[in-house]
Amino acid sequence: MEELDTSGFHARHPKVGPGRRAFDPDLLLGVLVYAYAVGERSSRRIETLCGEHVAFRVLCGRDVPDHTVISRFPRDP
């Protein structure tokens, strides 16, 4: 992930605001790339895997993103 240009994701990443601290775009991208690589495309299933599967827990740092965050990440401008 370190070699990819993720500046576009970081540009739209909220720096401040009310509510919960936002997830790092690199973290979300890593989770999605791994999920897609193992054939998982459902945001609800990815959320479940982030809480149960060791590889997903390591990728998300044991901070499980909600399925709405996962599904909105690749398509929100």
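Serine 43 is buried in this predicted model. Its relative accessible area is 15%, so it falls below the 20% limit for burial. Serine 43 belongs to helix H3, which covers residues 43-52. Beyond the neighbours within four places in sequence, serine 43 is in contact with His67, Ile70 and Ser71.

Arginine 62 counts as exposed, at 69% relative accessibility. The cut-off for that label is over 50%. Arginine 62 lies in the loop between helix H4 (54-59) and helix H5 (67-72). Its backbone deserves a look. Phi of arginine 62 is near 60°, a positive value in a residue other than glycine. Most residues other than glycine have a negative phi.

The two residues compare as follows.

| Residue | Relative accessible area | Class |
|---|---|---|
| Serine 43 | 15% | buried |
| Arginine 62 | 69% | exposed |

Now the core. The largest nonpolar core has 13 residues. Those with the most contacts inside it are Val31, Leu32, Ile46, Cys50, Phe56 and Phe73. Helix H2 (25-37) and H3 each supply at least two residues of this core. H2 gives the largest share, 5 residues. Nonpolar side chains tend to be buried together in soluble globular proteins.

Cysteine 50 is one of the residues with the most contacts inside the core. Leaving aside neighbours within four places in sequence, cysteine 50 is in contact with Val31, Phe56, Arg57, Cys60, Val64 and Pro65. Among them, Val31 and Phe56 are also listed with the most contacts inside the core.

Note on methods. Residues are numbered from 1 along each chain as its sequence is written. This is a predicted model: local features need pLDDT of at least 70, side-chain atom pairs count only at pLDDT 80 or more; totals for chains, interfaces and linings use all residues. Side-chain values use heavy atoms; hydrogens and water are left out. Helices (H or I, at least four residues) and strands (E, at least two) are DSSP runs, numbered from the N terminus. Buried means under 20% relative accessible area, exposed over 50%, partly exposed in between (1.4 Å probe, protein chains only). Contact means heavy atoms within 4.5 Å. A nonpolar core is a set of buried Ala, Val, Leu, Ile, Met, Phe, Trp, Tyr and Cys residues joined through side-chain atoms within 4.5 Å.
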